[in-house]
Amino acid sequence: MPESRKVIVAGASGLIGEALIASLRSDGVEVVRLVRHTAQAPDEVEWLTDAVPLDPRVLEGADAVVGLNGATIGKFPWTRRYKSTLLWSRIMPTRALARAVRELGSDAPQFVSSSAVGWYGSAPGEVLTEQSPRGDSFLADLCGEWESAAYAAGDAARVATLRTAPIVHRDGVLKPLLLLTRLGVSGPIGRGSQVWPWISLEDEVRAIRHVIDERLTGPVNLTGPTRATANDLGFALAVRMNRPFLVRAPVWGMKLALGSDATEALLTVDAHIVPEVLTASGFEFRHKTVQDAVAAAVPAAD
């Protein structure tokens, strides 16, 4: 990526945002952060703190604007109120960015907007590509609304929607598993054979940059290239930490603790999602298996 390029990032304080910004800046790319507080640094622009729309001029001269906003899906249980938070923390910023992109017209940067593999819901036995239909679940509906908000940027806009898999990282999908594994009480989640989409943080960042560099548009699955089950991930973590993998977590217990929606969307979901667009456009993964991703995220036990 040439050093003269400029990228604007909304949702810069999250796991992906911080890693993306560090990667861009390491290559000399100018980054502007859209922040939800009074700007305190030259690279910050305040937005969404009142009813005033985002000034489209903020986006002028940028090659891309990346929207990564959204409340964490890792907070449980998903009450009716928190479901509303999950939805609107994504929809409102995305609509604001789409509006600014639309108003700039032909001078607008590429709009790279987050989505998630939750789009597909659960589809046991199927291989899911970007062309597969939307599933039937709360998260699928949320992702549908999220992507629609991004495409409101208009037919002339260059819009990519990133259907991101759970990030294999200590502050990602591994966070709730690390303590259980450390205590020696980890094991199969439900039947354990359900297929879980996944991606390493490094490849997530590299894939976002690839989408920008290659000017990809439309939905893009940001998922690892190799099929993995819940047991594959859990066992890889247990091996890495030199701990047992024996204690099965029953579905009824998870639903009682987390709620049905969260359990079915995150833990018992069965979805083999492949990164067809990334692969076809020449992207090469650094972490090709979930075992590679776990090894990159968690130091080996002594």
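Two strands pair if DSSP finds at least two bridges between them. Helices (H or I, at least four residues) and strands (E, at least two) are DSSP runs, numbered from the N terminus.

## Basis of the model

This is a predicted model: local features need pLDDT of at least 70, side-chain atom pairs count only at pLDDT 80 or more, and totals for chains, interfaces and linings use all residues. Residues are numbered from 1 along each chain as its sequence is written, and side-chain values use heavy atoms, with hydrogens and water left out.

## Overall fold

The protein has 10 helices and 11 strands. Its radius of gyration is 19 Å, close to the 19 Å that the globule rule gives for 302 residues, so the protein is as compact as a globular protein of that length. The radius is taken over C-alpha atoms, and the rule is 2.2 Å times the number of residues to the power 0.38. Along the principal axes, the C-alpha atoms fill a box of roughly 55 × 40 × 40 Å.

Buried residues make up 51% of the 302 residues. Buried means under 20% relative accessible area, exposed over 50%, and partly exposed in between (1.4 Å probe, protein chains only). Contact means heavy atoms within 4.5 Å. Of the contacts with a separation of 6 or more, 77% are between residues 24 or more positions apart.

Strand β4 covers residues 64-67. A64 and V66 point one way from β4, V65 and G67 the other way. All four are buried.

Strand β1 (residues 6-10) runs parallel to β4, and four bridges join them. Here V7 stands opposite A64. Strand β5 (residues 110-116) also pairs with β4 in the parallel sense, over four bridges. The bridge partner of V66 in β5 is V112.

## Helix α8 and its packing

Helix α8 spans residues 260-267. Its residues A262, T263, A265 and L267 are buried. The buried residues of α8 pack against α3 (138-151) and α7 (251-258).

K83 is partly exposed, at 22% relative accessible area. D261 also counts as partly exposed, at 29%.

## Salt bridges

Side chains of opposite charge can pair when their charged atoms come close. A salt bridge is a side-chain nitrogen of Lys or Arg within 4 Å of a carboxyl oxygen of Asp or Glu. The structure holds 15 of them. D63 and R215 form one, at 3.4 Å, N to O. This pair links distant parts of the chain, 152 residues apart. D63 sits in the loop between β3 (44-46) and β4, and R215 in the loop between α5 and β10 (218-222). R215 is partly exposed, with a relative accessible area of 32%. R5, D63, D213 and R215 are linked in a network of salt bridges.

K255 and E264 form another salt bridge, with the closest N and O atoms 3.3 Å apart. K255 is partly exposed, at 31% relative accessibility. E264 is partly exposed too, at 40%.

D203 lies in helix α5 (residues 201-213). It is buried, with a relative accessible area of 0%. Leaving aside neighbours within four places in sequence, D203 is in contact with F283, F285, R286 and H287.

A236 is found in helix α6 (residues 230-241). It is buried, with a relative accessible area of 12%. Beyond its neighbours within four places in sequence, A236 is in contact with N231, Q291 and V294. A236 and V290 are 54 residues apart in sequence and 7.7 Å apart in space, C-alpha to C-alpha.

## Surface

The protein exposes about 14,100 Å², and carbon and sulfur atoms supply 52% of it. Accessible areas come from the Shrake-Rupley method with a 1.4 Å probe; for residues, only the protein chains shown count as cover.

L179, L180, L183, V185, L246 and V247 form a nonpolar patch on the surface, with about 570 Å² of accessible area together. Patches are made of residues with over 30% relative accessible area and no salt bridge: like charges are joined within 9 Å, nonpolar side chains (Val, Leu, Ile, Met, Phe, Trp, Tyr) within 5 Å. L179 lies in helix α4 (residues 175-182). L179 is partly exposed, with a relative accessible area of 49%.
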